[in-house]
Structure formats: structure tokens, C-alpha cells
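Subject: Structure handover

Hello,

Here is the structure you asked for. Please open it beside this email and follow along.

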Amino acid sequence: LARVREYILKRLAPYVTDEVHVDAAGNIYVSESGYGEPLLLCAHIDTVEPAGDQVPMVKDGVVYSDGQGVLGADDKSAVAAMLEAYIHIKTSGKAHRAFE
């Protein structure tokens with residue numbers, strides 16, 4: 001988890017203008033000012049076993065596990081989507097809602 005947390009913090013660093021906080025449990029909190037009520041985005045970076053080395057397979061347009069691990073037992077896609085959305089918002093130059 002520490003390596004994932006370090007990656008997220010490094011990826012966010014060039015774009016954060018307000019606050020980043022990591023609590024004692026290792027949760028990352030980012031607050032950005034903007035207009036309106038804040039939008040809360042939430043995901044987790046831990047995984048359940050056997051979610052380690054996954055080998056996704058695509059069959060008829062559907063993503064499956066190779067049978068040796070589990071897919072969907074983590075939140076990697078949500079974390080990736082939130083990072084990319086955050087960076088897009090911050091680099092767009094457009095006004096945005098406050099978010100956490």
C-alpha cells in the first residue's frame with residue numbers, strides 16, 4: 001500500500017493548490033476550493049487476496065480473470081479515474097466545483 005500511496009501523492013503533487021493530508025491510517029485527503037458545495041470523491045487503494053498479480057482476459061468484449069485471481073475486488077479503476085479527472089480539471093483552466 002505504501003508504494004501505491006507514494007505514487008498517488010507524487011502524481012497529485014504538481015496539481016494540488018489547496019491541501020493534501022495523509023492521516024495516521026494512511027488515508028489520502030485532497031481538498032480543492034471551487035464554487036458550490038464540495039463534491040466528494042472516494043475510493044480505496046487496498047485489495048483483497050488473491051488480487052495481487054492479475055491477468056485480465058478479454059472475451060467477447062468482456063474482461064475476465066484468468067482464473068488465478070479475482071477482478072473487481074479492488075478499486076484500481078476508480079483511483080485511476082479520479083486521478084485523471086483531477087488532473088484534467090486542474091489543467092483545463094476552467095472554473096470547477098470544490099471537491100474533496
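Two residues are said to touch, or to be in contact, when they have heavy atoms within 4.5 Å of each other. Please keep in mind that this is a predicted model.

Overall layout

The protein has 2 helices and 6 strands. In sequence order they follow the pattern α-β-β-β-β-β-α-β. The chain has 100 residues, and 17% of them count as buried. Take the contacts between residues at least 6 apart in sequence: 57% of these join residues at least 24 apart.

Glu32 sits in the loop between strand S2 (28-31) and strand S3 (35-39). Is Glu32 buried or exposed? Its relative accessibility is 4%, and a residue is called buried under 20%, so Glu32 is buried.

Which residues does Glu32 touch, if those up to four places away in sequence are not counted? They are Tyr15, Val16, Thr17, Asp18, Tyr86, Lys90, His96, Ala98 and Phe99. With one of these, Tyr86, Glu32 makes a polar contact of 2.6 Å between side chains.

Thr17 is another residue on that list. Thr17 belongs to the loop between H1 and S1. Thr17 has a relative accessibility of 56% and therefore counts as exposed. Along the chain Thr17 and Glu32 are 15 residues apart, while their C-alpha atoms are separated by 7.0 Å. Their side chains are joined by a polar contact of 2.8 Å. The side chain of Thr17 also has a polar contact of 2.8 Å with the side chain of Lys90. Leaving out residues up to four places away in sequence, Thr17 touches Glu32, Tyr86 and Lys90. Tyr86 and Lys90 are also among the residues that Glu32 touches.

His96 is found in the loop between H2 and strand S6 (97-99). His96 has a relative accessible area of 18%, so this residue is buried. Under that sequence limit, His96 touches Glu32, Ser33, Gly34, Tyr35 and Ile89.

Glu100 lies in the segment after S6. At 44% relative accessibility, Glu100 counts as partly exposed. How far apart in space are the C-alpha atoms of Glu100 and Glu32, which are 68 residues apart in sequence? The separation is 6.3 Å.

Helix H1

The buried residues of H1 are Arg5, Ile8 and Leu12. Why do they lie on the same side of H1? They cover an arc of only 65 degrees around the axis, and so they share one side of the helix. These buried residues pack against strand S1 (19-22), S2 and H2. On the face turned away from the buried side, H1 carries the exposed residues Arg3, Glu6 and Lys10.

The largest pocket

The largest pocket holds about 630 Å³ of space. Helix H1 (2-12), S2 and helix H2 (76-92) are the elements that give two or more residues to its lining. In total 24 residues line the pocket, and Ile28, Tyr29, Leu41, Ala43 and Met82 lie nearest its centre. What classes of residue make up the lining? There are 17 nonpolar, 4 polar and 3 charged residues.

Asp60 and Tyr64

Most residues other than glycine have a negative phi. The phi of Asp60 is near 55 degrees, a positive value in a residue that is not glycine. Asp60 is in the loop between strand S4 (57-59) and S5. Its relative accessibility is 75%, so Asp60 counts as exposed.

Tyr64 is part of strand S5 (residues 62-64). With a relative accessibility of 40%, Tyr64 counts as partly exposed. Tyr64 and Gln54 are 10 residues apart along the chain, and their C-alpha atoms are separated by 10.0 Å.

If you look at one place first, take Glu32, which is buried at 4% relative accessibility and has a polar contact with Tyr86 and another with Thr17.

Regards

Key:
Residues are numbered from 1 along each chain as its sequence is written. This is a predicted model: local features need pLDDT of at least 70, side-chain atom pairs count only at pLDDT 80 or more; totals for chains, interfaces and linings use all residues. Side-chain values use heavy atoms; hydrogens and water are left out. Helices (H or I, at least four residues) and strands (E, at least two) are DSSP runs, numbered from the N terminus. Buried means under 20% relative accessible area, exposed over 50%, partly exposed in between (1.4 Å probe, protein chains only). A polar contact is a pair of N or O atoms within 3.5 Å; within protein, one must be able to donate a hydrogen and the other to accept it, and residues adjacent in sequence count only if both atoms are side-chain atoms. On a 1 Å grid over the protein atoms alone, a cavity is a set of points where a 1.4 Å probe fits but cannot get out, and a pocket is an open set with protein on both sides within 12 Å along at least five of seven lines; lining residues have an atom within 4 Å of a point. Grid points are joined across faces, edges and corners, and a volume is the space filled by probe spheres set on the points. Ala, Val, Leu, Ile, Met, Phe, Trp, Tyr, Cys and Pro count as nonpolar, Asp, Glu, Lys and Arg as charged, and the others, Gly among them, as polar. The arc is that of the directions from the helix axis to the C-beta atoms.
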